[in-house]
Amino acid sequence: MFWYSGSDDVSSSNSTVTLSAIAPASTTTLSITPNPVAPGEEVTLVATVAATAGEVTGGLGVTFFDGSVLLDTVEVVDGPLSGTATLTTSFSTAGPHIITAAFNGTTSVGASSIEGTADVVEVSLDSANLRATQISASRLEALNSGRAFVDAIQASIHGGFNAGHQLTLGANSVQMSYVPEAVDDVAWPDGTVPAGNTQIWANLSGAGVGGWGNGDADTISGLQINALAGISYKLTPELLVGVVGGYEAFHYNSTTMDSTLSGDGWTLGGYVGGNIADDIKVFAALGYSGLGYDGTAGAATGSFDAWRVTASAGIGGAVDTYGFTIEPSLNIFALCEGQQGYTDSLATTQAARDFMTGQASAVVKLLYPLAAEGMDMLPYAGLYADYTVEGDSEDLPALGLGGLVTGLDGGVSGRIIGGVGASFDGGAKFDFGAQLGGIGADLRTYRFTGAFSLPL
């Protein structure tokens with residue numbers, strides 16, 4: 001209030017003036033992920049509100065519009081000078097959708113708004129089938145490669161603690177190894193010279209997945225080969241370390257989706273093993289792989305690269321009884337893979353993807369040595385109990401194709417193995433074996449192995 005007391009010529013007067021504070025301005029930004037997006041696919045709208053003073057939280061939040069259609073009003077969280085409002089939605093129609101994020105202001109911060117465009121693109125069936133094949137077949141390829149990796153490392157650990165030429169029978173593979181004679185100038189800490197402290201080994205495994213035994217379910221079928229080789233070195237009689245390298249090639253297909261996924265890759269890694277007691281051995285290993293994929297589905301084609309990290313560990317032993325050898329063991333592996341995004345030949349954007357898979361296996365093998373004229377034979381059989389876990393940034397049901405490929409969600413299953421190995425007086429050795437997997441699950445897998453070795 002202002003007061004004028006007056007003068008001889010002017011009477012007194014007063015006046016009231018109301019002053020209003022102007023709220024600080026705000027700014028709003030908008031992100032739309034993924035973009036472009038397919039009809040029905042989830043999209044995340046994130047509005048970020050910022051101000052130089054006051055609090056952006058506590059008001060009516062942010063109202064999202066698709067054109068003139070109100071989607072929802074969402075509270076602003078975090079604050080006080082910056083906060084976000086997040087809305088997950090989807091669009092049923094193709095074409096550009098103008099999205100408005102309107103911040104309604106608070107008692108201390110002014111309102112603001114921003115527009116963005118969500119490009120909703122119809123995905124062709126061929127592009128959708130290409131994506132479904134990528135998801136399902138690469139999971140299978142990774143699972144089979146993880147099994148090959150853990151089996152090869154386990155066999156190399158067992159072989160590394162035994163001198164001489166040998167053929168180690170694995171669950172899914174055959175391992176040929178050679179241990180050179182001791183090096184005169186290499187000795188253990190106690191001064192003794194070891195017998196065969198270095199081992200060179202190679203491992204070859206093959207895996208297949210097919211419709212046989214899978215009923216009417218459409219499955220991804222295919223074959224892959226994993227070849228691994230390494231060098232082990234004994235640091236002490238009870239401890240060894242080693243390096244491993246490998247190559248893998250694969251080809252998977254689906255008749256229903258008219259699709260294929262093929263490619264190859266390399267692996268480098270290291271491992272450590274211990275002989276903790278008579279006939280009880282442990283190991284741990286870590287590997288890194290680089291892969292290249294090529295996919296087709298009808299008229300859609302695409303190529304992308306990927307990386308993979310695999311970790312494994314295990315413990316196993318052997319018991320001789322009544323002429324048989326019983327080999328119980330427990331193995332685990334876990335891997336994660338990241339795949340690059342790409343644009344397929346039909347101009348459909350296929351987003352980057354990552355997934356993980358892992359498996360714990362309890363194993364019992366039974367071996368029975370047989371002697372014959374000029375040769376020794378070793379028939380064997382075994383049973384695996386597997387528990388598999390899966391995690392993926394994208395699921396098949398989100399594509400509407402989840403019913404086409406089954407048996408990829410992990411869980412409990414079994415495997416049976418059997419085969420025979422032989423060693424001739426001249427030193428030649430061979431092995432032939434087979435495996436049926438996926439027992440108790442929806443998806444059957446099979447393996448065949450064969451190997452022949454001569455003394456070096």
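**Cavities and a strand residue**

Modeller: This is a predicted model. The lining of the largest cavity takes at least two residues from each of α1 (125-160), β14 (221-236), β15 (239-254), β17 (280-297) and β18 (300-317).

Biologist: Which element gives the largest share of the lining of the largest cavity?

Modeller: The largest cavity holds about 130 Å³ of space. Of its 17 lining residues, S145, F149, E248, T267 and S289 are the closest to the centre. The largest share of the lining, 4 residues, comes from α1.

Biologist: How do the residues of the lining of the second largest cavity divide by class?

Modeller: About 40 Å³ of space lies in the second largest cavity. Its lining has 10 residues, with V150, D151, S361, Y384 and R415 nearest the centre. Two or more residues each come from α1, β20 (324-339) and β23 (353-367). By class, the lining has 3 nonpolar, 4 polar and 3 charged residues.

Biologist: Is V120 buried or exposed?

Modeller: V120 lies in strand β10 (residues 112-120). Its relative accessible area is 4%, and the cut-off for buried is under 20%, so V120 is buried.

Biologist: How far apart in space are V120 and G40, C-alpha to C-alpha?

Modeller: Leaving aside neighbours within four places in sequence, V120 is in contact with residues including V37, A38 and P39. G40 is 80 residues from V120 in sequence, but C-alpha to C-alpha the two are apart in space by 9.2 Å.

Definitions and conventions
Residues are numbered from 1 along each chain as its sequence is written. This is a predicted model: local features need pLDDT of at least 70, side-chain atom pairs count only at pLDDT 80 or more; totals for chains, interfaces and linings use all residues. Side-chain values use heavy atoms; hydrogens and water are left out. Buried means under 20% relative accessible area, exposed over 50%, partly exposed in between (1.4 Å probe, protein chains only). Contact means heavy atoms within 4.5 Å. On a 1 Å grid over the protein atoms alone, a cavity is a set of points where a 1.4 Å probe fits but cannot get out, and a pocket is an open set with protein on both sides within 12 Å along at least five of seven lines; lining residues have an atom within 4 Å of a point. Grid points are joined across faces, edges and corners, and a volume is the space filled by probe spheres set on the points. Ala, Val, Leu, Ile, Met, Phe, Trp, Tyr, Cys and Pro count as nonpolar, Asp, Glu, Lys and Arg as charged, and the others, Gly among them, as polar.
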